[in-house]
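Try each task first, then compare your steps with the solution.

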Amino acid sequence: MNTKDLPGFATKAIHAGEEPDFRSGATGDVVVPIHLSTTFAREKVGLPTAGYEYTRSLNPTRKALESKLAALENADHGLAFSSGLAAETVLLTALLKSGDHIVAFDDLYGGSKRLFNNIFNKYDIRVTFVDASDASLVEKAITPQTRLIWIESPSNPLLKICDIAAISRISAAQGLILVVDNTFLSPYFQKPLGLGADIVVHSSTKYIGGHSDVLGGALLLNHSGYYEKLQYHQNAIGAVLSPFDSYLTLRGVKTLALRMEQHQKNALDIAKYLLKHPRIKRVIYPGLDNHPQHALAKAQASGYGGVLSFEINGNQSDAEVFLEKLRVFALAESLGGVESLVELPAVMTHSSVPPEIREQVGISDTLIRVSVGIEDVDDLIADLKQALA
Ligand code: P1T
């Protein structure tokens, strides 16, 4: 079976990269084994066995995951890393050099901003942050040194939407590389490469892994020249996903289609519940028709995902009291797992963003981010109700 020809997302999620091996001596496993070996013996000095030499450069379990994730993003190439930030680090080191400039969305995961501002600035790579939900601001920020545009859509934590196709036209016209972090929607709901992006980034720690038990990152792309550079840097830097973590991610991603549908269904019910609650100031969810970019979200993706944010009336301590009263929702960073999580971005995921920048971007002290899990939604709503009472 050639899984490249498989049309359906769920079928690919289950079979791609894990075709049973019927060659002589192989066992026909329907689940790819965890190849723990760090090194691979060969019979002849110049001839690695089946192309494998050393696990940092290539490992069969990681390769299965890389193939599966590439199939899910309709990409020719995939690479799996030890975290989302490891994937981002390899991307920036492989494709940029000192003096280069990045135009990035001002509403990105705080850790991505920290990586740009506090690490890559040391190597004279500069970033201009703009509200990329307005594509014209991206275009205005481009300088002769710009090499790369970096966006998330929906963004973390304000769930703003970028017009990926419009930004890709701007990027292509100037010969730039467009990177889209697709963590929030996962390839189930959105395929940025089809909208003109050059490279898709994932924190596979989130929906792809899906069970809050494995950290990982991925890069998916079609461009063979960039892929060779990225693979070279992945090996040279050593930021690879381990065989066991590759297996956990392979196992998790098989149910991505089912999980995403349920995350979204629960998120919409919760968004509608919060919208009517007198203690809630505003609800941000791209699936609500009051979201300013609802139409764009609907046009460029097949769903809205499972993350929503809202502001509670009062001050930060009112928000903290509410958060600490929740019983089913865990008060924790991260998102995309089967269990519901809530957090206060200003104090938790985005605390590395300076307060004046948070204020400018709109991350207030009462903004609460929810990663809606796949529990029974009535239990989730009852929990919110008691904590808001
Ligand atoms: O945590 P890590 O696997 O290194 O991924 C970083 C990352 C990259 N991109 C996005 C959109 C992310 O949300 C993250 C990680 N985010 C969280 C931990 C969080 O709670 O938002």
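## Exercise 1: the seven-stranded sheet

Helix H3 (residues 84–95) lies across S1, S2, strand S4 (146–152), strand S5 (177–181), strand S6 (199–203) and S7, and runs at about 150 degrees to S6. Helices (H or I, at least four residues) and strands (E, at least two) are DSSP runs, numbered from the N terminus. Angles run from 0 to 180 degrees between N-to-C directions, with axes fitted as lines to C-alpha atoms, for helices over the stretch in contact; contact means heavy atoms within 4.5 Å.

A word on the model: it is predicted, so local features need pLDDT of at least 70 and side-chain atom pairs count only at pLDDT 80 or more, while totals for chains, interfaces and linings use all residues. Residues are numbered from 1 along each chain as its sequence is written, and side-chain values use heavy atoms, leaving out hydrogens and water.

**Task.** Find the strand order of the open sheet of seven strands, and say which strands stand at the edges.

**Solution.** 
1. The order is S1-S7-S6-S5-S4-S2-S3, with mixed pairing; two strands pair if DSSP finds at least two bridges between them.
2. Strand S1 (77–81) and strand S3 (126–130) each have a single partner strand, so one side of each is left without a neighbour in the sheet.
3. On average, and ignoring direction, neighbouring strands of this sheet are turned by 20 degrees against each other.
4. At the S3 end, strand S2 (residues 101–105) runs parallel to S3 and is joined to it by five bridges. Histidine 101 has arginine 126 as its bridge partner in S3.
5. Helix H2 lies across S1 and strand S7 (217–221), at about 125 degrees to S1.

## Exercise 2: buried or exposed?

**Task.** Is S12 enclosed or open, and is leucine 36 buried or exposed?

**Solution.** 
1. Buried means under 20% relative accessible area, exposed over 50%, and partly exposed in between (1.4 Å probe, protein chains only).
2. Five of the five residues of S12 are buried, so the strand is largely enclosed by the rest of the structure.
3. In a regular strand the side chains alternate between the two faces of the sheet. In S12, Leu367, Arg369 and Ser371 are buried on one side, and Ile368 and Val370 on the other.
4. Leucine 36 counts as exposed because its relative accessibility is 61%. The residue sits in the loop between helix H1 (9–15) and helix H2 (60–72).
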